[in-house]
Amino acid sequence: MDCRHFALRVDDWLDGRLNLAERQLMQSHVERCPGCRRGYEDAGALRATLRMLPAPAVRPGFAERALATAAAAPRRGRQAMLGMALAASLVLGLGVAMILFAVRPEPVHTVVLTVRQPESVRLVFNAGKPLPGATLSLSLPENVEIVGFGERRELTWQTDLDEGENLLRLPLVAHGPAGGELVARVSRGASSRTFRLKIEVRGADAAGASPALRASV
Amino acid sequence: MRPQVEFLHRLAWRFTGSVADAEDLVQDVLLKLYPRREELAGIEQLRPWLAKVLYRQYVDFVRQRARSPVAVPAEDGQGADDPVEALAAAQDGPDGDAERGDLRARILAALEQLSPEQRAVVTMHDVEGYSLEELKPILGAPLGTLKSRLHRARQRLRVQLGMEPFSALERVKR
């Protein structure tokens, strides 16, 4: 056995896919070839470390929130579900940067939703300095709602914005062809900024026809 | 579906290395599957089936991100999204082995350099312990493809980590 053959089979050896005769050949080679022995040890160390790689725990409340969001999403037939999955994948991750306390006048951004299909829209608020206790208000157009919030079109809450980018994920669903404007307002003390997100809605038949990602910063 | 959320989240994190992205992936899978939960109850091997759905969603997710005209940071401002930071929160504890922790952190960074298909096969096989036979239906690829994909993924990881990459050509010359 030469080093090339050893290199080709070392994964099979470590994965236990070699028969006895092959294992003996590999063992014999690794005992007399320092380079391959080092590589074999590295491969074993990599595998052992991968096997012990921990994953972070689910954040408290995430499972309940995610299931509640899934439960509140509009029901569709099986065929429509496939369309939703496709459309969601096309729009997932769409981001709109909103520059807080930095840009004037605030630009208007555009996102495209597909009617009756929940889609994740990300708003990124870029704060020039930490803003503890800021008030964030959202106002939604008539045909658009946040999944899980029913017909509530106005939401206001207090939050701490870190310096830099602060991400807000909004699962939005449009119930009709008419779009409109989502208005986000951030205020703290006497200062406030208003941002506008233009929402366009396309018909379900158009789902998947084009990525149609139109966002501008 | 509640008992499956931890499983989905763990796999999603292994695929993405980001808590925010993992949560997005899991949310999308739950949105997709929730109306079919009665059907899920009848599936014998539920976890491999869920892993397959999650994997497809992950590949779509990566492709979509590559197409997106706007760069969106993975972080969500809640701290635990940096792979190394998240790892530090999950790993050894007060008596943790610093050297091993460092290797793990470097492995996470190296995983970032893999294609989504390579990352999926190496994490499902080497971390989660699925056999290649089990991964055929989950990852939707024949055995030979999975073997070569896994081999290349490991080779790339070893190169990224400064390990011996088994460079066959160099060895033949010796």
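This is a predicted model: local features need pLDDT of at least 70, side-chain atom pairs count only at pLDDT 80 or more; totals for chains, interfaces and linings use all residues.
Q: Why is R116(A) called buried?
A: R116(A) has 20 C-beta neighbours inside 10 Å, so it counts as buried. This residue sits in the loop between β2 (108-114) and β3 (119-127) of chain A. R116(A) also takes a positive phi of about 65°, although it is not a glycine.

Q: And why does L167(A) count as partly exposed?
A: Because L167(A) has 18 C-beta neighbours inside 10 Å. L167(A) belongs to strand β7 (residues 164-174) of chain A. Its C-alpha is 8.7 Å from that of N126(A), 41 residues away along the chain.

Q: What makes something a helix or a strand here?
A: Both are DSSP runs, numbered from the N terminus: helices are H or I with at least four residues, strands are E with at least two. On that basis chain B has 10 helices and 0 strands. α1(B), residues 5-16, spans 16 Å from first to last C-alpha, close to the 16 Å expected at 1.5 Å a residue; the expected span is 1.5 Å times one less than the number of residues. Just after α1(B) comes G17(B), with a positive phi of about 70°.

Q: How do you know that β4 and β6 of chain A pair?
A: Pairing needs at least two bridges found by DSSP between the strands. β4(A) (residues 131-139) and β6(A) (residues 154-161) have 7, in the antiparallel sense, and A134(A) is bridged to T159(A) in β6(A). β4(A) also pairs with β8(A) (residues 180-188), antiparallel over 5 bridges; there S137(A) stands opposite R185(A).

Q: What makes a set of residues a nonpolar core, and which members touch the most others?
A: The set holds buried Ala, Val, Leu, Ile, Met, Phe, Trp, Tyr and Cys residues joined through C-beta atoms within 7 Å. In the largest one, with 79 residues, the members touching the most others are A184(A), A12(B), L25(B), V26(B), L30(B), L54(B) and V121(B). Helix α2 (residues 19-33) of chain B gives the largest share, 9 residues. Domain 1 (3-51) and domain 2 (78-206) of chain A both contribute, so this core lies between them; those bounds come from an automatic or database domain assignment.

Q: What is V26(B) in contact with, leaving aside neighbours within four places in sequence?
A: A66(A), V5(B), L8(B), H9(B) and A12(B). A contact requires C-beta atoms, placed from the backbone, within 7 Å.

Q: Which element of chain B has the lowest mean pLDDT?
A: Helix α10 (residues 168-173), at 38, while α1(B) has the highest, 95. pLDDT is the predictor's confidence in each residue, from 0 to 100. Over residues 68-96 of chain B it is below 50, yet that stretch has 63 contacts beyond near neighbours in sequence. Chain B averages 77, and the model scores ipTM 0.74 and pTM 0.57.

How values were computed: Residues are numbered from 1 along each chain as its sequence is written. Chains are lettered from A and ligands numbered from 1 in the order in which they are written. A residue is buried if 20 or more other C-beta atoms lie within 10 Å of its own, exposed if 12 or fewer, and partly exposed in between; C-beta atoms are placed from the backbone. Two residues are in contact if their C-beta atoms, placed from the backbone, lie within 7 Å.
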